Amino acid sequence: MILPKPPFEGSCLCGSVQVSVTAPALLTLACHCRDCQKLCASAYSLTTMFPSASFSYKGELVKGGLGSSGRTHYFCKSCLNFVFSQIGGADQRINLRTSVLNEAASFEPFVEVMTDEKVPWAKVPAVHSFPRYPETLENLQALMDEYSAR
Ligand SMILES: [Zn+2]
Ligand SMILES: [Zn+2]
């Protein structure tokens with residue numbers, strides 16, 4: 001797998017939100033949890049993590065999803081396309097929805113999580129699979145190190 005090189009550009013479905021990223025991706029994930037299935041109207045969600053400082057956007061966003069503690073999900077105000085999430089306590093990273101990136105196809109999921117809730121026919125070419133989530137921040141860091149070494 002050849003990792004794409006920054007900068008990266010992308011947009012929501014209607015184009016009124018434009019995103020840009022100046023740093024390489026930290027990690028790519030697929031999440032099979034039921035919440036992601038519903039939130040993304042799909043079998044699983046696709047996330048590409050970037051350093052927050054490397055990420056910027058233009059356009060108007062609204063918050064959506066469950067509004068649960070510590071997780072904020074941002075959507076285009078016009079087309080309501082899911083754009084990115086911010087996880088409380090992890091302000092240094094943003095979880096961009098891989099599908100908004102122009103080069104989405106290059107961000108193959110390296111890790112899949114929550115396979116406990118996976119639909120049986122969903123197949124993801126992930127290198128690492130977790131029944132739930134990586135247990136510790138050290139586990140997550142090790143995955144990011146392995147991903148960026150590729
Ligand atoms: Zn839009
Ligand atoms: Zn999920």
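**Close-up views of a predicted model**

View 1. Leucine 61 has cysteine 76 of β7 as its bridge partner. The model is predicted: local features require pLDDT of at least 70 and side-chain atom pairs count only at pLDDT 80 or more, whereas totals for chains, interfaces and linings use all residues. Residues are numbered from 1 along each chain as its sequence is written, and chains are lettered from A and ligands numbered from 1 in the order in which they are written. Strands β6 (residues 61–64) and β7 (residues 71–76) run antiparallel and are joined by four bridges. Six residues separate the two strands of this hairpin, and glycine 65 in the turn has a positive phi of about 75 degrees. Strands (E, at least two residues) and helices (H or I, at least four) are DSSP runs numbered from the N terminus; two strands pair if DSSP finds at least two bridges between them.

**View 2. The open sheet.** Eight strands with mixed pairing follow the order β6-β7-β8-β9-β4-β3-β10-β11. Strands β6 and β11 (128–129) are the edges, each pairing on one side only. Within the sheet, β3 (residues 27–31) and β10 (residues 111–113) pair in the parallel sense over three bridges, and leucine 29 has valine 111 of β10 as its bridge partner.

View 3. Phenylalanine 130 lies in the loop between β11 and α2 (137–148).
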